[in-house]
Amino acid sequence: MGKRSIIIFAKPPVLGFVKTRLAKDLGNEKTLTIYKDLLKYTEEVTFHLNADKNIYWTNTDPSTNSYFQNGFQTYLQSSGDLGQRMKNAFAEQLMNAQKVVIIGTDCPYITKEILDESFDKLDECDIVLGPAKDGGYYLLGMKETTPEIFECITWSTSSVLKDTLTNVKSLRKKYILLKELSDIDTISDLTEWQKSNDPF
């Protein structure tokens with residue numbers, strides 16, 4: 001199996017600083033409540049995972065909230081854009097783990113089974129990606145530091161997954177795609193989630 005490590009990238013739940021696209025429709029107060037629900041869901045899904053659990057907060061004092069306190073190692077994300085921060089987190093975790101998977105806190109459809117599958121698939125390939133319906137990805141898994149896959153990516157756009165796969169293929173890395181899921185970024189995403197059979 002090899003030592004497994006999961007990285008969770010998150011922002012502390014601070015009013016006015018989370019899910020800004022959603023807040024344009026819902027307002028900051030309701031958006032913060034939704035975001036706290038997403039944090040709680042992500043914590044519950046990852047808590048019993050057979051892996052080292054690591055929460056990487058943005059450059060804000062993580063003591064300002066009570067999430068991911070038990071069983072999780074706490075870090076601050078490095079400086080730079082999202083790619084730089086993910087690259088640095090992977091490099092840090094791959095110093096001690098054979099398989100590393102990163103997720104955010106935006107996907108309430110993710111399950112422990114999907115996370116277990118992502119680690120298992122790394123026995124068959126170099127890179128695992130969980131495609132998001134908005135053109136990005138909700139999960140990335142690797143077995144070795146591969147900083148090149150984060151280059152020339154315009155983050156938070158619909159081309160993130162496509163451009164990442166271009167990098168992966170140029171490196172001749174074997175990859176596997178997991179099932180496509182939705183993130184909660186907009187009011188339509190939230191409405192779709194609330195209509196589903198799996199509410200928070």
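1. Let me start with Asp 120, which is partly exposed at 40% relative accessibility (buried is under 20% relative accessible area, exposed over 50%, partly exposed in between, with a 1.4 Å probe and protein chains only). Its salt-bridge partner is Arg 4, at an N to O distance of 4.0 Å (the criterion is a side-chain nitrogen of Lys or Arg within 4 Å of a carboxyl oxygen of Asp or Glu). The two sit 116 residues apart, Asp 120 in helix H4 and Arg 4 in strand S1; helices (H or I, at least four residues) and strands (E, at least two) are DSSP runs numbered from the N terminus. Arg 4, at 6%, counts as buried.

2. Keep in mind that this is a predicted model, where local features need pLDDT of at least 70 and side-chain atom pairs pLDDT 80 or more, while totals for chains, interfaces and linings use all residues. Numbering runs from 1 along each chain as its sequence is written, and side-chain values use heavy atoms, with hydrogens and water left out.

3. Back to H4: Lys 112 and Asp 116 are four residues apart in this helix, about one turn. Their closest N and O atoms are 2.8 Å apart, which makes a salt bridge. Lys 112 is partly exposed at 29%, whereas Asp 116 is buried at 18%. Shared partners join Arg 4, Lys 112, Asp 116 and Asp 120 into one salt-bridge network.

4. The whole structure has ten salt bridges. Another one of them joins Lys 3 and Asp 52, with 3.2 Å between the closest N and O atoms. Lys 3 is in the segment before S1 and Asp 52 is in strand S2, so this contact ties together parts 49 residues apart in sequence. Lys 3 is partly exposed at 38%, and Asp 52 is partly exposed at 35%.

5. On to the rings: there are six aromatic pairs (Phe, Tyr or Trp rings, Trp by its six-membered ring, with centres within 6.5 Å; planes under 30 degrees apart are stacked, over 60 edge-to-face, the rest tilted). Phe 9 and Tyr 56 are tilted, because their planes meet at 40°, with 5.9 Å between centres. Phe 9 comes from S1 and Tyr 56 from S2, so the pair bridges 47 residues of sequence. Phe 9 is buried at 9%, as is Tyr 56 at 2%. Tyr 75 joins both of them in a ring cluster.

6. Tyr 109 and Trp 193 make an edge-to-face pair, 4.8 Å between centres and 80° between planes. Tyr 109 is in the loop between S4 and H4, Trp 193 in helix H6, 84 residues away. Trp 193 is buried at 3%.

7. Which strand has six of its six residues buried? Strand S6 (residues 137-142) does, so it is largely enclosed by the rest of the structure. In the S5 and S6 hairpin, with five residues between the strands, Gly 135 has a positive phi near 100°.

Notes: Pairing = 2+ DSSP bridges.
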